[in-house]
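Hello,

Here is the structure you asked for. Please open it first, then read my notes below.

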Amino acid sequence: MSKLYITGQKRLSGAVTVQGAKNSALPILAACVLARGESVLYRCPQLSDTEASLRILRWLGCRTERADGTVLVHNDGLTRCDIPDALMRQTRGSIVFLGAVLARQGKVRLSFPGGCAIGQRPIDLHLKALRRLGAVIRERHGWLDCRAPHGLKGADITLPFPSVGATENVLLSACTAEGVTTLTNAAREPEIRDLADYLNRCGARISGAGESVIMIEGVRSLSGCAHALIPDRIVAATLIACAAVTGSTVTLKGVVHSHLAAVLPVFEDAGVAFSAREDELRVAAPQRLRSMKIIRTMPYPGFPTDAQAPLLAAAATADGTTVIMENIFENRYRHAAELARMGADIKTEGKFALIEGVPRLYGAAVEASDLRGAAALAVAGLCAEGVTELGGVCYLERGYERFEEVLSSLGADVKKV
Ligand code: EPZ
């Protein structure tokens with residue numbers, strides 16, 4: 001198991017291009033199941049999560065190729081409609097193969113998805129929505145047997161919660177259903193809009209993606225296309241936190257500012273100055289951050305839950321008290337105990353975290369247990385005095401492409417062993 005050794009208190013400088021969005025890549029790779037022929041995806045990050053999706057595509061009968069950030073998927077016809085447990089368990093993102101394979105093959109058998117230990121992560125909303133479209137789903141011993149004996153038919157669906165994954169499964173299964181589907185209280189994340197853009201380029205008729213009501217008019221079939229993924233707004237937020245805790249000035253390239261509309265003001269309140277030019281964002285941090293006061297994570301366009309952990313790490317050395325309210329997942333403070341080993345003063349109670357800023361953190365041996373918690377520990381290591389030994393790098397590699405190289409290119413002292 002590799003580890004990162006971070007020698008902290010190095011000022012960062014320079015510019016870095018932000019990778020493509022992991023949470024766009026995963027549903028769009030699943031959508032390649034629906035698109036006959038060849039799809040070319042640009043800016044597709046090379047992560048353990050995206051490689052897991054490519055393995056599922058190959059298992060189903062697609063051919064895949066990768067050249068740096070460009071991925072080709074040749075869908076000459078699926079040979080399977082089941083996904084083995086070993087492949088399903090590798091990521092949470094695998095659940096969106098449910099809608100894609102069901103729509104393409106008329107049936108699918110797969111086990112419950114894997115994912116980080118950030119919460120129970122049920123899929124009841126996914127199943128309820130697919131049943132509204134005519135799917136017959138049997139759940140037995142952790143396996144799902146899904147069929148559409150009379151094909152999938154458009155329907156009016158309302159989600160009780162704007163679930164990202166459930167929204168994606170509806171888009172994937174409704175775009176070749178018979179008739180029109182209206183999805184109300186849909187997730188509005190930019191990755192939903194990116195998925196719809198890919199599907200529409202393949203011939204789908206989806207309108208309203210990115211808003212709360214999405215209309216999908218079923219079409220007969222989809223053909224592959226070329227599509228460039230949006231940049232990863234959570235990686236951008238993480239890099240902002242890295243600059244913020246080291247009093248650095250860095251430039252992020254290839255960002256979409258509007259995707260960070262809820263993130264930038266939080267760091268501005270803490271004393272970070274931003275200047276935007278085209279698709280670049282200059283981040284200038286003060287010597288020491290002020291506290292961020294109160295942060296509530298919300299569905300997009302609110303403050304993203306995935307940026308909560310890196311933000312919490314930044315709050316640990318800010319001047320003052322910060323309160324975080326994690327409203328999306330029920331167990332997303334696992335990194336707090338590890339940060340305390342570095343000298344952070346954090347109390348967590350249910351969805352709340354109370355962070356009393358301390359003047360300094362100290363390098364320590366810490367262990368990540370989920371993707372964004374690993375990012376938080378890397379952020380803390382960058383500002384800590386001494387060396388931080390970060391274990392659980394495999395979690396970081398789920399969502400951050402060559403993160404140690406990115407940080408080193410900005411002047412950080414980070415080694416992977
Ligand atoms: C997606 O997860 C992202 N993952 C998550 O990013 C992100 O945190 C989350 O959306 C929220 O933005 C991918 O896109 C692969 P949800 P997803 O369905 O689809 C509950 C990362 O770090 N819920 O919007 O699983 C659920 O338990 C990852 O990149 C149900 O109760 O999120 C959670 O509390 C972590 N029943 C809340 O809704 C369901 O059927 C949000 O879940 C589905 C969800």
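**Ligand contacts**

An oxygen atom of the ligand is 3.1 Å from an N or O atom in the side chain of Arg121. Keep in mind that this is a predicted model. At Ile328 the backbone takes part, with a polar atom 2.5 Å from a ligand oxygen. On its own the ligand has 820 Å² of accessible area, and the protein covers 89% of that.

**The site around the ligand**

Where does the ligand sit? It is in the largest pocket. The shell around it holds 23 residues, and Asp124, Leu125, Ser163, Asp306 and Ile328 come nearest. By type, the shell has ten nonpolar, eight charged and five polar residues. Four helices each supply at least two shell residues: H1 (22-31), H5 (124-132), H6 (164-174) and H12 (371-383).

Why does the ligand lie between domain 1 and domain 2? Both domain 1 (4-19 + 231-416) and domain 2 (22-228) give residues to the shell, so the ligand lies between them.

**Two backbone points**

Most peptide bonds are trans, and most residues other than glycine have a negative phi. Two places depart from this. Tyr300 and Pro301 are joined by a cis peptide bond, with omega about 15 degrees. Pro301 is in the loop between strand S19 (293-296) and helix H10 (308-315). Arg43 has a positive phi, near 60 degrees. Its place is the loop between strand S3 (35-42) and helix H2 (48-60).

Best wishes

Note on methods:
Residues are numbered from 1 along each chain as its sequence is written. This is a predicted model: local features need pLDDT of at least 70, side-chain atom pairs count only at pLDDT 80 or more; totals for chains, interfaces and linings use all residues. Side-chain values use heavy atoms; hydrogens and water are left out. A residue is near a molecule or strand if one of its heavy atoms lies within 4 Å of it. A polar contact is a pair of N or O atoms within 3.5 Å; within protein, one must be able to donate a hydrogen and the other to accept it, and residues adjacent in sequence count only if both atoms are side-chain atoms. Accessible areas come from the Shrake-Rupley method with a 1.4 Å probe; for residues, only the protein chains shown count as cover. On a 1 Å grid over the protein atoms alone, a cavity is a set of points where a 1.4 Å probe fits but cannot get out, and a pocket is an open set with protein on both sides within 12 Å along at least five of seven lines; lining residues have an atom within 4 Å of a point. A molecule sits in a cavity or pocket if more than half of its atoms lie within 2 Å of its grid points. Ala, Val, Leu, Ile, Met, Phe, Trp, Tyr, Cys and Pro count as nonpolar, Asp, Glu, Lys and Arg as charged, and the others, Gly among them, as polar. Domain bounds come from an automatic or database domain assignment.
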